[in-house]
There are 4 protein chains.
Amino acid sequence: MQQLVVGIIGPRNATPEQIEAAEALGAAFGALGLTVICGGRSGVMEAACKGTHRAGGLPIGILPGTDPQEANAYVAVPLTTGLNEARNIIIVRAARVLVAVGNSPGTLTEVAYGLHFNKPVIGVADAAQLEGVQHTPDAAAAAEAALSRLLMSLPVIQAD
Amino acid sequence: MQQLVVGIIGPRNATPEQIEAAEALGAAFGALGLTVICGGRSGVMEAACKGTHRAGGLPIGILPGTDPQEANAYVAVPLTTGLNEARNIIIVRAARVLVAVGNSPGTLTEVAYGLHFNKPVIGVADAAQLEGVQHTPDAAAAAEAALSRLLMSLPVIQAD
Amino acid sequence: MQQLVVGIIGPRNATPEQIEAAEALGAAFGALGLTVICGGRSGVMEAACKGTHRAGGLPIGILPGTDPQEANAYVAVPLTTGLNEARNIIIVRAARVLVAVGNSPGTLTEVAYGLHFNKPVIGVADAAQLEGVQHTPDAAAAAEAALSRLLMSLPVIQAD
Amino acid sequence: MQQLVVGIIGPRNATPEQIEAAEALGAAFGALGLTVICGGRSGVMEAACKGTHRAGGLPIGILPGTDPQEANAYVAVPLTTGLNEARNIIIVRAARVLVAVGNSPGTLTEVAYGLHFNKPVIGVADAAQLEGVQHTPDAAAAAEAALSRLLMSLPVIQAD
């Protein structure tokens, strides 16, 4: 059975609040057995992997370079791409739902691709203020929104 | 001698004001013999190619698909990539300066990549309101700003 | 702890011998808890995922399109890329060792990238006859060669 | 009117015979006003650009990195991609016909992609011995074969 892939995106230079939110989101998704995909580096990405890992989920890191050692310590499956920042689009393509924790130019490329592809994009902890991003006040609300949007997006659950 | 590559980005669904601005920008760059790179499709992209072509410049279209026929009628060099929307990053990487004419989720991915790579990003005609985008009131001002930033970015002209 | 990623590559139109070899290879790698990466489609890819899945390993499919439904039934983690055939390079980049089961133009792009990046490339069941590919007579020999090359490639095991 | 794009591919470490063939091919295509696309680096790529440039054609270099200075001296339009070796597929996608001058693992990725996409692939000067590659004895024969295949591929010229 296919695992469901959820993306957590955010900057390497993250605030304590963003680190905390990313770890809580990873833990919430990991506890449900979801696969969490991210950029595999430090900051929000590391916190997301840490939370996912500790909760028993599968953290996958889509890495810009060619060396699996560039992954943070909590990435279970390091996927080196050698595509540099073009790897961002893969994170967005592979995720059914995206949660943006904070913002940065790199994160913004992912948020914009998410909106471009009509993927649900949830925002928390100073995520980009863009039309189409569903902003939430904290990690718990972001996790709930993400799961709700994930369920809504699954073919079998669509209402008639 | 290498040609200088400038990028014009913007939506397919463009307003008359944006179409006019894109064509004027293409004409301004084309008259200087610059190479104009864009996504090669309709709307802002087509207007940019039209202006560039009519002014004697070289309009290059970086196409998402695999068929050169998907290029607009003014693209001189159609470069099919088969990368779908991942071709956006190539436009940004290849351009020394970007001018955003209007906005859309796809355009926003390019603006965000431009800021991410510290490229000059000029905005006109309702471009994205982001920190780092240099907004200008009209196409003439946008062209002037782009050329100024282009000159500043060339190694030989940097002040000491 | 990072999982070790091994790639199995081969054509969609596969012979019964190739299907059997791919499934045996997936089973050999899966039984060791390895992550098996492949293109996620039918033929050799499906057989590799089937073997990996049944042996308890993690089969990851790097998909050319944007719909996780294009994955075969044994892919645990479908990673849609939207990059079309450019996704081939990601399989090669992410794998520490590649096993080519049979050949086709698409498979050959992966074998050639593997050689280009100095990755170990093992061949079985009519894989490409190229200098640098380590040919083996059957799936058991291919699995043994792949594991040996994998061990040799790990930093901690390198002889001094 | 769209320019016709032809690709010349081959190794950086090239023999004198391959350098000569690449330059002659670039000159043959350039004299016809064709756009020649290549990887933009040294060896076969530089010779192809040199021939194209001297004959008045347009040599475009699809570069792996992010700095236009990595282009050889004869590239007219340097298109930096930042995609590293994944840029190879763009050369293949954008070319209507490919001529392989010599061989190497990197060149082989391009030849294999060309065959995969059913593009005409002409070989000269020790190009890869693969089914589907049309081998020719020298640059003049390779140019003639490439032009013939190019003409055959154009929609307007297809026989009924």
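Mentor: Let's start with a term: a polar contact is a pair of N or O atoms within 3.5 Å, where, within protein, one must be able to donate a hydrogen and the other to accept it, and residues adjacent in sequence count only if both atoms are side-chain atoms. By that rule, 8 residue pairs are in polar contact across the interface of chain C and chain A, both residues at pLDDT 80 or more. Salt bridges (a side-chain nitrogen of Lys or Arg within 4 Å of a carboxyl oxygen of Asp or Glu) come to 0 there.

A word on the ground rules. This is a predicted model, with local features needing pLDDT of at least 70 and side-chain atom pairs counting only at pLDDT 80 or more, while totals for chains, interfaces and linings use all residues. Residues are numbered from 1 along each chain as its sequence is written, chains are lettered from A and ligands numbered from 1 in the order written, and side-chain values use heavy atoms, leaving out hydrogens and water.

Back to chains C and A. Counting contact as heavy atoms within 4.5 Å, 26 residues of chain C touch 26 residues of chain A. The pair buries about 2100 Å², 59% of it on carbon and sulfur atoms; that buried area is the accessible area (1.4 Å probe) that two parts lose on being put together, summed over both. On the chain C side, C:Gln2, C:Leu79 and C:Arg93 supply 25% of the area buried against chain A, more than any other three residues. Strands E2 (35-38), E3 (58-63) and E4 (77-80) and helix H3 (88-94) of chain C each give two or more residues to this side, and E4(C) gives the most, with 4. (Helices, H or I of at least four residues, and strands, E of at least two, are DSSP runs numbered from the N terminus.)

The same surface serves both: 100% of the contact residues of chain C recur in chain A.

Then there's chain A with chain D. Here 4 residues of chain A contact 4 residues of chain D, and about 290 Å² is buried, 47% of it on carbon and sulfur atoms. A:Gly82, A:Leu83 and A:Asn84 lose the most area on the chain A side, together 85% of what that side buries. The polar contacts number 2 residue pairs, both residues at pLDDT 80 or more.
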